[in-house]
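The sequence and structure are shown first.

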Amino acid sequence: MIIEKADLNCADEIAVIESKVFKSNRSVNSIRRFLSDENNEIYIAKTDEKTVGYGSLNVILDEGYIIDIAVLEEYRRQKIATRILQEIIECAKRKSLKFLTLEVRESNKAAILLYSKFGFCKAGERKNYYSDPKENAILLTKTF
Ligand SMILES: CC(C)(COP(=O)(O)OP(=O)(O)OC[C@H]1O[C@@H](n2cnc3c(N)ncnc32)[C@H](O)[C@@H]1OP(=O)(O)O)[C@@H](O)C(=O)NCCC(=O)NCCS
């Protein structure tokens, strides 16, 4: 498995994973726009030439916002998200970011465990932040 920085050509594969994992309908064009912004990065995980996961990051000055990390269901528990998150953390260090932060559903134990392994701590909560189903968000932050 390899981790690569995504370019515009990766937008289609990212859109497929996003729609499968998050049931979202974000268009390929919207992902291309995201990738065209120099403040954004997406790292993709590839196995046998197939993109099986990605992690996306938005940087504002010296702050890093993880938008999401997603791995196709049939490829989970193989440390793919771990490798993607390691890459995002390396990127944060290269850019001298002060912190990385993200929101996650409070029921998403898998993600909370993943992030806590990398030193992300609960920094707050947003009530009813998510819909379908309505749920609180936990804010997780790692400071450098
Ligand atoms: C969360 C997610 C990205 C994890 O991907 P993954 O490649 O399976 O994760 P890894 O194999 O790197 O797991 C790393 C650690 O996370 C935790 N973890 C991952 N999946 C877990 C699960 N289903 N149950 C409990 N802990 C889990 C474990 O601590 C695991 O370490 P271990 O395997 O040594 O026990 C994946 O389940 C996913 O895509 N979920 C849907 C999208 C999502 O919720 N994204 C996160 C919010 S942005």
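## Basis of the model

Which exposed residues does the face of α1 turned away from its buried side carry? Before the answer, the basis: this is a predicted model, in which local features need pLDDT of at least 70 and side-chain atom pairs count only at pLDDT 80 or more, while totals for chains, interfaces and linings use all residues. Residues are numbered from 1 along each chain as its sequence is written.

## Helix α1

The face of α1 turned away from its buried side carries the exposed residues D12, S19 and K20. Helices (H or I, at least four residues) and strands (E, at least two) are DSSP runs, numbered from the N terminus.

The buried residues of α1 are A11, I14 and E18. Seen down the helix axis, these buried residues fall within an arc of 60°, so they line one face of α1; the arc is that of the directions from the helix axis to the C-beta atoms. Their cover includes α2 (28–36), β2 (40–47), β3 (50–60) and β4, where contact requires C-beta atoms, placed from the backbone, within 7 Å. After α1 comes K23, with a positive phi near 50°.

## Ligand shell

Around the ligand there are 20 residues, of which R76, A81, T82, A110 and L114 come nearest; a residue is near if its C-beta atom, placed from the backbone, lies within 6 Å. With six residues, α4 gives the most to this shell.

Key
A residue is buried if 20 or more other C-beta atoms lie within 10 Å of its own, exposed if 12 or fewer, and partly exposed in between; C-beta atoms are placed from the backbone. Two residues are in contact if their C-beta atoms, placed from the backbone, lie within 7 Å.
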